Amino acid sequence: MSRTLFDKIWDAHAVRELPGGLTVFYIDRHLIHEVTSPQAFDELTVRGLTLRRPGQMLATADHNVPTRHQNQPIQDPLSRSQVDKLTENCARHGVELYGLGHANQGIVHVIGPELGLTQPGLTIVCGDSHTSTHGAFGAIAFGIGTSQVTQVMASQCLLLDKPRRMRITVDGELAAGVSAKDVILHIIAALGTGGATGYFVEYAGSAIRALSMEGRMTVCNMSIEMGARGGLIAPDATTFDYLQGRPYAPQAENWNRAVAYWQTLPTDADAVFDAEHHFEASAIRPMITFGTNPGLGMPLGATIPVLTDVAEAAGLEKSLRYMGFTAGESLLGQEISHVFIGSCTNSRIEDLRTVAAFVKGRQKAPHVEAIIVPGSQQVARQARAEGLDQVLAAAGFELREPGCSACLAMNEDKIPAGAYCVSTSNRNFEGRQGPGARTLLASPLVAAITAVEGRLVDVAEYVQQLADV
Amino acid sequence: MEQFQTLRSGVVPLPVENVDTDQIIPARFLKATTRQGFGKNLFADWRYGADGQPKTGFVLNDPRYQGHRILLAGQNFGCGSSREHAAWALYDAGFRVVVSSYFADIFRGNALNTGLLPLQVTEPELQALFAAVAADSDLALTVDLAAQTLSVPGRSEPIRFELDAYKKECLLNGYDDIDFLLSQESAITTFEQNRPWIF
């Protein structure tokens, strides 16, 4: 029978199917961080259990770490205690930890792929909803709650109901200045913030295949923002080229065996999905969000929609009141005081290169605070090796140390109440970047242009200049 | 996990759609390393002003709804972050049931693992419930998990809701998935001996 990429990996990891439909589902890799793991370790201890496969786990400190002076003790006592607890738990239970100061430290969804831990055909979980990022490699990867973290620690399995399968096909060529971030913001704007609830999404089509691994990760990362359990993309030569030679990738003769297996994974030609959506790449424009969920996005030059459905209009009205916008208005010219470039969505080397290429020889607007937080120590090293740090500093950007930072503002990196922030992160929820902060999600290029202009502008003119370079 | 069998309680109406877990419990309150105590910060930014004082107008501060243990919320409740702290905060604040027309997947699982029942009704039923609570703030609903019914005063037939049979047994008896998964030890061990996709 014809199967989808998702089905093939699912079937391979089904330990047992129970009467009634639940599956005992095996987990190959379990990533943990300081915020959603302490209660799970405690539960394990209370029950007198041990980790079943510590060798299949990896830990890092990212959500709650400062992005300045990481070589010094963490100032906030609660944050310090949480990070210390991770260190203690990892030492006690034998889990590899890439903590603060380690050369491999970084955002959990950035380091997994760059170390080669994330591979096609694997199942990967983490107590973080953006675990869907790893699906870019053709893996089943999804976020779990802390009780499930304990379950995986104890049994290496979860008890799951099988999600329905959705395919989102994007065909054609993206216009100059349109990136993977715009693709996914476009899709979420069309399907809505709950539009893929209950589904696991496969992204397909020529525009998806043309994306780099960084771009594919950006797309899969935001699957959760339309409610999907996860997103994944068929592995291909781009995937294999990215992985080859990375520390945890298969080595020597194992490499060829691995590639041969990975090539069997893509969806069979006549496999059937429970839902299908199609998008035309050439119709996608640089995007911006105007509301307080990621589904409330539009092309940068468009006007905020005026809704006729009463319930929808009430929701939008609440959202716009928080943002200080009104239905029907354009956001061009809107003054912006903060620009945040970072997060598991857009903090990889390709994102930093995009920003640096644009700001080279330019200056951020004087009233803008622009911070750029690399996704990992490896990204930071690469940026320095390429001289991007100098370019960014000369343009007035502050290059910080790796972590989740102002994406969720658990640490000191908060946007002030009422301030507008163009952010390359994944969520524009009320208060996400700090109480009262107003977040507009966009691509790294749009963020860089906004930092220079100090307000939202139509990027078409700049894009033409970039295309001419 | 505590058992859940039946509950008769008043309702707290929150007619907002797409309530994300950042609203339920903002990230800055996730620094605790235990499960207890999140209830005081439930809906913190909707519930308290910058000065820490309760905001009049937010439903949790409305004296008419104090002590009610059923939250009635708009569709797609619990979207966003996977933080189980959201379910813990609701539970810690006294809620045992959330009624909505659909839940975000991760939140639904987290709620069930916390002993909080995510009770799904149709959108018309949800709107009828909002109208009924608007007309009578003391309206008491009865949830019977074994029968999978939600009884509403003045309505001849109770609303029947769906729940996976296994999760229902867990909730009725206070079991969680760890107990079950550990009972699968021999099947898991056999499975682990053959994972040809690990290179």
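This report describes a predicted model of two chains, A and B, beginning with chain A and ending with the contact between the chains.

**Chain A: two domains**

Chain A is divided into domain 1, residues 5–276, and domain 2, residues 296–468. The C-alpha centres of domain 1 and domain 2 of chain A lie 24 Å apart. Across the boundary, 34 residues of domain 1 of chain A are in contact with 35 residues of domain 2 of chain A. On the domain 1 side, the elements that give two or more residues are helix H4 (108–114), H6 and helix H8 (213–221) of chain A. H6(A) gives the most to this side, with five residues. By class, the side of domain 1 of chain A that touches domain 2 of chain A holds eleven nonpolar, 16 polar and seven charged residues.

**Lys181 of chain A**

Helix H6 of chain A spans residues 180–191 and includes Lys181(A). Lys181(A) counts as buried because 27 other C-beta atoms lie within 10 Å, where 20 or more are required. Leaving aside residues up to four places away in sequence, Lys181(A) touches Thr218(A), Thr345(A), Asn346(A), Thr424(A) and Ser443(A). Lys181(A) and Pro444(A) are 263 residues apart along the chain, yet 8.2 Å separates their C-alpha atoms.

**A helix pair in chain A**

Pro444(A) also takes part in the meeting of H12(A) with H15(A). Helix H12 (residues 349–359) and helix H15 (residues 444–453) of chain A pack at an angle of about 35 degrees, and their axes are 9 Å apart. The crossing in which H12(A) passes H15(A) is right-handed. From H12(A), the residues Asp351(A), Thr354(A), Val355(A), Phe358(A) and Val359(A) meet Pro444(A), Leu445(A), Ala448(A), Ile449(A) and Val452(A) of H15(A). The residues of this contact divide into eight nonpolar, one polar and one charged.

**Chain B**

Chain B has eight helices and seven strands. Its C-alpha atoms fill a box of roughly 60 × 45 × 25 Å along the principal axes. Of the 199 residues of chain B, 44% count as buried. Among contacts in chain B between residues at least 6 apart in sequence, 68% join residues at least 24 apart.

Helix H3 of chain B, residues 85–92, is mostly covered, with seven of its eight residues buried. These buried residues are His85(B), Ala86(B), Ala87(B), Trp88(B), Ala89(B), Leu90(B) and Tyr91(B). Their cover includes H1, strand E2 (70–73), strand E3 (97–100) and H4 of chain B. After H3(B) comes Gly94(B), which has a positive phi near 105 degrees.

**Where the chains meet**

Chain B places 46 residues in contact with 60 residues of chain A. The elements that give two or more residues to the chain B side are helix H1 (21–24), helix H4 (105–114), helix H6 (165–173), helix H7 (177–182) and helix H8 (185–192) of chain B. This side of chain B has 20 nonpolar, 13 polar and 13 charged residues.

The table sets out the class make-up of the contacts described above.

| H12(A) with H15(A) | eight residues | one residue | one residue |

Conventions: Residues numbered from 1 in each chain as written. Chains lettered and ligands numbered in written order. Predicted model: local features only at pLDDT ≥ 70, side-chain atom pairs only at ≥ 80, totals over all residues. Contact = placed C-beta atoms within 7 Å. Helix = DSSP H or I, 4+ residues; strand = E, 2+ residues; numbered from the N terminus. Nonpolar A, V, L, I, M, F, W, Y, C, P; charged D, E, K, R; others polar. Buried ≥ 20, exposed ≤ 12 C-beta atoms within 10 Å, placed from the backbone. Axes fitted to C-alpha atoms, helices over the stretch in contact; angles between N-to-C directions. Left-handed = near helix turned anticlockwise from the far one by under 90°. Domains from an automatic or database assignment.
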